[in-house]
Structure formats: structure tokens, C-alpha cells
Amino acid sequence: MGAVLVHEFMSLDGVIDAPTWTFDFGFDPRMGEAIGTATSRSRGILLGRTTYEMFEPSWSTRTVEDDPGAPFFNDTTKYVVSGTLTDPTWRNSEVVGPYDPGTIRRLKDDVDGDLYTSGSGTLVRAMLADGLVDELHLFVYPVTRGSGPRLFPDEATPGTLSLAACERYDNGVVYLSYRSKA
């Protein structure tokens with residue numbers, strides 16, 4: 001059985017909206033190494049419709065020369081959780097239907113490796129509520145947003161995670177990796 005690995009760019013106050021606010025901090029190459037560690041174990045990408053539609057135009061045309069992550073995003077099967085998307089155009093994409101915890105459990109059983117999720121806030125919050133997230137890979141930026149969608153909403157069930165790794169970067173970003181205790 002594979003694991004669901006969630007990667008998020010997050011503000012200090014927990015906001016995980018479209019991370020255009022991260023651009024001012026640059027991208028430390030060691031951040032790419034941390035993401036690469038998660039993606040190297042993954043044999044599937046699990047995305048919500050909105051993130052899929054944001055990723056497709058920017059990733060589908062990139063090559064390894066543009067970004068070392070391009071082969072992973074383009075060649076790996078993308079499982080899109082959506083009740084409205086019917087005809088995905090990004091190669092290696094499959095719509096699995098609207099969110100259903102049973103579908104995610106089956107994917108964890110069927111995919112030969114882990115499932116990588118980036119962004120996809122609505123999907124991630126649902127999977128967290130259903131105990132389906134095995135690891136969180138958070139890049140916490142030294143900025144507050146004040147408002148916006150948060151990783152853990154006010155009504156989230158309290159829980160405890162286990163710290164697996166942490167790293168500080170020169171741009172002020174902190175990488176935190178947590179594992180589910182379940």
C-alpha cells in the first residue's frame with residue numbers, strides 16, 4: 001500500500017492559497033531537493049481539478065532543461081479528483097470522479113508507490129479529515145496573509161503528527177515534514 005504525500009507552500013498563519021506570494025523569496029535549490037525526495041518515491045500524482053487546471057499549462061510544456069521536475073509532472077499518471085472535469089488534455093491524466101475516500105484508498109492500494117499531492121487545498125483538507133494523508137511536506141514562508149484558505153480549517157479535528165524532518169533555508173523558508181501517527 002502506497003502513502004499519500006502532501007506538499008504545500010504555506011504562510012506562517014497557515015494560508016495555502018495560490019502561492020504567488022512566494023515569488024519574493026526566491027527558490028533555494030535545497031527546496032527542490034526536498035521536493036525531489038518526495039516525488040522520487042511517488043508513482044502517481046493526485047490533484048484536485050483547480051490545481052490540475054493551474055498546473056497543466058505551466059508544466060505540460062516544460063522540459064527537463066527548463067525544470068528538473070518536468071519529467072515527473074509530465075510522465076507520471078495524474079489522478080484528478082473532480083466531478084466536473086470530463087476530458088483531461090494533459091497526457092497521462094485520468095479523472096477518478098468526485099471526492100470519495102474509498103476511491104483514494106483504492107488508489108493507495110493500486111498504485112505501485114506513493115501518491116504525490118501539491119496544492120489541491122479542498123482535496124487535501126478532505127483527505128486530512130478522512131485520515132488519508134500519510135505525510136505532510138510543508139514549506140513555511142516568513143509572511144502572514146491574514147486571510148485565505150488554510151491547511152487546517154477551524155472545524156478540523158485535533159490531531160498529533162510526528163516530525164520526520166526540518167530544514168532552514170537562507171531565504172527564510174522552513175521545511176517541515178510530518179508523518180501521520182495513525
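This is a predicted model: local features need pLDDT of at least 70, side-chain atom pairs count only at pLDDT 80 or more; totals for chains, interfaces and linings use all residues.
Student: How are the rings of F9 and Y141 arranged as an aromatic pair?

Tutor: Good place to start, as the structure holds twelve aromatic pairs. For F9 and Y141, the centres lie 5.8 Å apart and the angle between the planes is 75°. Planes over 60 degrees apart count as edge-to-face, so the arrangement of F9 and Y141 is edge-to-face.

Student: How many residues apart are F9 and Y141?

Tutor: F9 sits in strand β1 (residues 4–11), while Y141 belongs to strand β6 (residues 135–141). The pair thus links distant parts of the chain, and the separation is 132 residues.

Student: Is F9 buried or exposed?

Tutor: The cut-off for buried is under 20% relative accessible area. F9 has 18% relative accessibility, so F9 counts as buried.

Student: Which helices does the pair of F55 and F73 tie together?

Tutor: The ring centres of F55 and F73 are 5.9 Å apart with planes at 85°, so this pair is edge-to-face. Both residues are buried. F55 lies in residues 49–59 and F73 in residues 70–75, so the helices tied together are α2 and α3.

Student: Which ring does R62 lie over?

Tutor: Let's take the two charges over rings together. K78 lies over the face of W90, at 4.6 Å from the ring centre. For R62, the distance to the ring centre is 4.1 Å, and the ring is that of W59.

Student: Which element gives the most to the lining of the largest pocket?

Tutor: This pocket has a volume of about 1,000 Å³ and is lined by 38 residues, with H7, F9, F55, W59 and S118 nearest its centre. Elements giving two or more residues to the lining include β1, α1 (29–40) and β5 (114–118). The top contribution is six residues, and it comes from α2.

Student: What number of charged residues is in the lining of the second largest pocket?

Tutor: The second largest pocket holds about 440 Å³ of space. Of its 23 lining residues, L128, A129, F152, T157 and G159 are the closest to its centre, and the largest share of the lining, four residues, comes from α5. By class, the lining divides into 13 nonpolar and five polar residues, and the number of charged ones is five.

Technical notes: Residues are numbered from 1 along each chain as its sequence is written. Side-chain values use heavy atoms; hydrogens and water are left out. Rings of Phe, Tyr and Trp (its six-membered ring) pair if their centres lie within 6.5 Å; planes under 30 degrees apart count as stacked, over 60 as edge-to-face and the rest as tilted. Buried means under 20% relative accessible area, exposed over 50%, partly exposed in between (1.4 Å probe, protein chains only). A charge sits over a ring if NZ of Lys or CZ of Arg is within 6 Å of the ring centre and within 35 degrees of the ring normal. On a 1 Å grid over the protein atoms alone, a cavity is a set of points where a 1.4 Å probe fits but cannot get out, and a pocket is an open set with protein on both sides within 12 Å along at least five of seven lines; lining residues have an atom within 4 Å of a point. Grid points are joined across faces, edges and corners, and a volume is the space filled by probe spheres set on the points. Ala, Val, Leu, Ile, Met, Phe, Trp, Tyr, Cys and Pro count as nonpolar, Asp, Glu, Lys and Arg as charged, and the others, Gly among them, as polar.
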